[in-house]
Every structure is written in structure tokens, then in C-alpha cells.
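I opened the model today to go through its backbone, its cores and its charged pairs. My notes are below.

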Amino acid sequence: MIEWEETETGVRAFDRTKTGVTIDAPDWKSGGETQEIEPPVDELVPGYASELTFPPSLVNITEVETGEQYKHGNDTKPLELPDGEYLANIHGNVKTYLRFSGSASIRKTDDFESLIVDFHEWIPITFGFRSHHNVPLDTITIPPTTEGLATAISYASSSQKATGPDRSYPTLRGHPPQFEVGNELHIPDPVRAEKKDVGIELRVPDDFRTLFVTAPLAYYLQADVVVEERDAPVLSAPEVNFTYVFSPLPSYQHEVADMLRRLFFLDCLVRNEGPYCWELAELDLLDEIDIDAKATYEATPAEQLVTYDLVDFDHIDDGLPDWHLAMYVEPSLENVSSLPYLLANLSLIYLPESSNLQKNELLDVSLGDFYRGNPQAEPSKPRAVSADSPYRTTNSVTSVDRVMPELHRGRVHGWLADGVPIDVFKVEPSAYENRFKYLEESEGDIDVTLILNDETMEDEHEDVADIYLDRSENLPIDVTVREHLTCTELAEVLETPSDFVHYIGHCEKSGLRCTNGTLPVSSITESNVQTFFLNACGSYYEGMELIRKGSVAGAVTFNKVLNKQAGKVGVSFARLLINGFSIQRALQIARRRIMMNKDYAVVGDGTHQLTQCGTVFPTIGRLTKVNGCKFKLSYSSIAERMHGGYYQPFLKEDNKMYLNGHDAVFTLDQAELKSFLTRAKIPIVYDGELYWSSKLESLL
């Protein structure tokens, strides 16, 4: 669903997640005839303009009558379009199409801040807007049996808008229908109608463990899933006489993950033979394997499966990204309802395994992360906070017994099972279901509430407030600062609809500390706070209770944290989160600034984003000095919900696109680096510290 409004200087379109695009057009006037736009859109907006200014974006342009293609990516030089009938596909936080007749000049400003479309005269145009954020439209009801779950998984792919390699585009996969356990099977008619028959099936052993692990591959392949008495799963495509026999569990979970990764990334390369093509940096890998990309793109899904199986994928494995997201899921009936949300993110699913975590082991892994993030640090002289620094508590704190999870392939990890592991976000089914409550209620600005309940923490409070207020200059963010709240006042904040609450204060066994006592979250009626950060000692259980009461995700601590270290994490987390990083990625990056980084974790859906990112996908750089005047810049974009998308670093002289999750590496001299840092507006790790690019530019 998309809404739009006229601004003082043009048009703004936004969806229910409060993600939007602002288009400047000084002489804009709405109205006139609506021109046809063939791709599916949520909203059409006709009007008149002579010039449009967009955020920096990649653009595909098609001459409607001849089909001739034009592209504008990293170039700052104008692209001149002769007279014609055009449809422009503009890649941004909201998918934007532009239909117009005539000639036009398309260029980016030298600082890459804007994309300008100049029509040379006042002409009629039509915008088409589509949200990147999908919601389930239907619900599949299944009996509490393995056959019922197999049926639901088989129909999950009904949301996909394409078969073959184009299914790797995140915008063409859609959100699977919801799963609900009931007395009998019910598949809505629209779901039945949209189910693709691709001639691929997965026959698996008759148990829930195998079905949960199978679900992502079956969903992506649009395969039919059948349970039967057998020892190991079999993937087959009868029409092409293809059969692949897997090993039984536990080996199966690794084999199915490897196969999904192989199929997905080969699709990402082959799809470039279709209508949506760019100069992918990874495209050269096709030259290293024996595959006819054009013939494969045009083949049936079953024929593609045979082709991919014959490829020596190991030969190109290192040149492709690792998988973005791994979930460790207890295969129970209670977790069946969560499967569509995991499939929507194209997460791998593993069986959860963990071991007891000893105190010294926790210290070792924390320091290991800290020093890996800071190669210049001396292990014998750690940058610890002095022993007499005050803790973020006054009385007893509820500590949490943590375990060491056995983690597998994936850059981000989530845990939907018993136990409290480190290095993962801890989720329960209600977190996914809560998200849609906020979509239904969403309207107006992004509401951020900053709470200071202890005057000794004013430095963090002031820095964080400045960060939120700075970001509000670019996004519709309404920032409210509250101080020294009573229990009643804090309960009212948590029960009032808002997008984010950042609590700075104390947490004790009895709850969050207020001026007249402590507030246990269990005492509030419901939580209407979408996301939160409880930057206080031992706030894990209060955070989990917020999820159970209605929140989607938040950051918490496991035990006592020192004020100075908590402040450092809080400030970094605030800036990353408000600039479009998911809650898990924001905390992953922020907590590595301190030695005891395992004291922080995310509860709820860690893939959740509070705001949109200025570069569509959140990116981070890592900078090292090569010699006196050269620097190595590693640049990466990760988006847990847009796997299969691509990004461009906007470095001059580089017009290539990179798959999300793949590091782009450049060697720059000091002048080139400073030029990049001036316009990049991203976080960069340099010399073990986390900087925002504009700050780092002033230090080099």
C-alpha cells in the first residue's frame, strides 16, 4: 500500500512502514491523464513538471515503442534521450516508475547527492509507486500433522511473481501466506490459483525436523513437498529424469543450505540475460564455469536444475557472498506460524544446538571479537574502563545464564528455540505477528522517545538526542525527550503507540527504575512500542516481556554494564539504527566498540528496520592503510530482507554493481578517499574504531 502527498516543492510517496521517496519538482502540478505503466504498482500519480530531482538512484529506461534500453548508474555525465515514449525504472526506497513522452537529460550531481531528470519543457508525466515491503495476503490453515505442514510449504511459493532465475530478485518473491494450525486443511482460492507447477518435487522423511530444514529450498524452487517413509530426502524433476539424493539429518541441513546457495547465486548471474540487466561485478564468474547463460535463462525450472547441478560451483564459490541470514528453529507446532516470515527473508533453517558457556569462555570470545575489530590493539594493554567506574544499576540485577550456540553458514543469526545463546537475536513467534499490528496503525511521522531516568548519564543522553534530531532533517521523525519519569509515566510511554523508545537508566530485578520505584514490564496492559533499546543493567527479561506484550524487536543487556561502555554502545547503536541498519546489525557493529560486547543482545525480530537508509541498502566500510599514501577500502551492503538485490558504491571510475553481501574492495589515494568520505555518509571501521565517514574525513 502506498500513499502520496504534495509537498511545497513536489511529491512524496510513502508506505505503511513509513519508508518513502521525496521528489522535488518546483513547477509540479497534479492532474491530467494517467498514462499506462505495465509493471505492477500500488499507486499511479499523474501530473505536470519540467524537471525532477530524486535521491541518488540507479535508473533503467525503456523506449516503450522500440524496446531500446538505456541505463544510468554511477555516471555524473548526462544521459541524453531523444524524442520518444519512455518508461523509467528508478531504484530507491520506494520503487518508482516514470512514464513520459519527449526528450530528456538524466544526470547525477557531482557530489552524487541527487539524480536529475530534465525534460527541457513542462510536460505531462505519470509516476507509478510500489512498496518494497510485502505483507501476507492470505492464510493457509493446516491440520497438526506432517502432511499438513508439507502442504503449506508447497503452497508458500504462491506469492512469487516469477519462475526461473528472476525469482532471485527480492521484489519478485512476495511474502508467503500465513500458516495457521487448525482442525482441517484450508487453502484459499487465490493461493491455489497462484501456485506454479514447475515440475520439481522434494520427497522427505515423515518428521517435522526434516520439513523445517527443507522449507527454504522448497519455497525458492517452488517445489511440491511430499512426506513418506524414507531415510533421506530426494529432490527430483521427473520431466528431465533428474534425481538428487541427500544424506539424512543432521548432514542434510548443511547439504540443503549449500544447494540453496548454489541455485540462488547462479540465478543471480544468469538473470542478467533477462530484461533487468546491469554490469554485475560477479558476472565474470560465468566465464569460469561451463554454462550457457542465455539458454539457461530461457530454459524451464526443471532444465535449469539439471544445468546447475552440472556446474563446478566450488570453482567460483569464493567469488560470491556468504548467506545473509541463518535461523536456528525448534521444529515444533508452536513455531509453524513463524515459517512464512523466515521464508520471506529467505533464511536458512538449522536445528538448534548449544553447549554450556563457562565464565572464562565468555570472556575469551568477547575479547576475541573486540581485538578482531581492532587489529592495532595490544592484548596486554586492553582499553578497559577503570574498576571504580559506576555500573548502570544501583541494586541487584537479574543476570542471564547464556549458552554457546553451534552456528553455521550465515552473516546474521537468529534463535527461535529454548535457551539464551550469545551472538544471535532471540526471537519468539509473537515478534513476527506483532509487526503487522504496526503496519495497520502506521501513519504520520516516525515517533522516537528518548528517556533519561538518571542524571549521571546525561552525556549519552545529549549525544543520542543530537543524533535523532540530525536525522529528522532528512526523514519525518518526531523526537520527544523525557526525563525522570515515574512508574505511571513510564508505563504510559510504553503503552502509547510509538516507533522507538530509547531508555537510559537502571534496571533491577523488580523492573525498570523510575523516580518513585521500579516498573516491571509485566505490569503494563500491552506494549505499543514497535522497537526499543533498554540501555540498563540486566534488561533482558524486561525486553522479552515487551516482545510478549506487543513489541517487534529491541536491544537489551544480559547483566551489569559499566556506564562508560554502555554510553559508547548506546551512541553508536542510535546512529546506526536511525540511519537504516537493522536492529541486529546495528547492535553487532556498535557493541564491538567495547571489550565485554557479549553483554548486549537483540530480542525479537532482529532483521527489523526502524527507518529507511539513504542509500537504499545500509552499507559499511572497512579502511586500512596500505602505505604512506594509499588506502584499502572494503565496502559492503547487507540487507536481511532484500537478499538478491545489488548496490553501487558510487566511486568514480567504477560503474559496476555488486550483489548484496559481497565486499567491493578498492585501493584509493588520499585525495580519492577524502572525496569518497565527503559524500559517502556511512559508518567506517578504521584503526579499530567506528567513525561516520564525514568525521573520519576530517581526521585523515
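These entries follow the order in which I looked things up.

**Entry 1: backbone**

I kept in mind throughout that this is a predicted model. I began with the peptide bonds. The bond from Leu-249 to Pro-250 is cis, and its omega is near 10°. I placed Pro-250 in the loop that runs between strand E16 (242–245) and helix H4 (251–270).

His-120 has one, at about 75°. I found His-120 within strand E10 (residues 115–131). Lys-681 is not a glycine either, and its phi is positive at about 60°. Lys-681 sits in the loop between helix H15 (670–680) and strand E37 (683–686).

**Entry 2: the E37 hairpin**

I followed the chain on into E37. E37 and strand E38 (residues 689–692) run antiparallel and are joined by four bridges. Across the pair, Ile-684 stands opposite Tyr-691 in E38. The hairpin has two residues between its strands, and Asp-687 takes a positive phi near 55° there.

**Entry 3: nonpolar cores**

The largest nonpolar core holds 162 residues. Leu-217, Leu-235, Met-327, Tyr-468, Leu-490 and Phe-573 have the most contacts inside it. H4 gives this core its largest share, 12 residues.

What does Leu-490 touch, not counting residues up to four places away in sequence? I listed Ile-451, Leu-485, Tyr-503, Leu-512, Cys-514 and Leu-519.

Another core lies apart from the largest one and has 31 residues. Val-45, Tyr-86, Val-117 and Ile-125 are among them.

**Entry 4: Val-479**

I went to strand E24 (residues 477–483), where Val-479 is placed. Is Val-479 buried or exposed? Its relative accessible area is 18%, so I logged Val-479 as buried, the cut-off being under 20%.

I checked its surroundings too. Leaving aside neighbours within four places in sequence, Val-479 is in contact with Val-448, Tyr-468 and Leu-469. Val-448 is 31 residues from Val-479 along the chain, yet their C-alpha atoms are separated by 4.9 Å. Tyr-468 is also on my list of residues with the most contacts inside the largest core.

**Entry 5: salt bridges**

How many salt bridges are there? The count comes to 19.

Glu-5 bridges to Arg-12, with the closest N and O atoms 3.2 Å apart. Glu-5 is partly exposed at 33% relative accessibility. Arg-12 is buried, at 14%.

Arg-513 and Glu-508 meet through their side chains at 3.1 Å, N to O. Glu-508 is buried, with a relative accessible area of 7%.

Glu-545 pairs with Arg-548, and their closest N and O atoms are 3.4 Å apart. Where does this pair sit in the fold? Both residues belong to helix H12 (residues 540–549). They are three residues apart in that helix, so about one helical turn separates them. Glu-545 counts as buried at 19% relative accessibility. Arg-548 counts as partly exposed at 47%.

How values were computed
Residues are numbered from 1 along each chain as its sequence is written. This is a predicted model: local features need pLDDT of at least 70, side-chain atom pairs count only at pLDDT 80 or more; totals for chains, interfaces and linings use all residues. Side-chain values use heavy atoms; hydrogens and water are left out. A nonpolar core is a set of buried Ala, Val, Leu, Ile, Met, Phe, Trp, Tyr and Cys residues joined through side-chain atoms within 4.5 Å. Buried means under 20% relative accessible area, exposed over 50%, partly exposed in between (1.4 Å probe, protein chains only). Contact means heavy atoms within 4.5 Å. Two strands pair if DSSP finds at least two bridges between them. A salt bridge is a side-chain nitrogen of Lys or Arg within 4 Å of a carboxyl oxygen of Asp or Glu.
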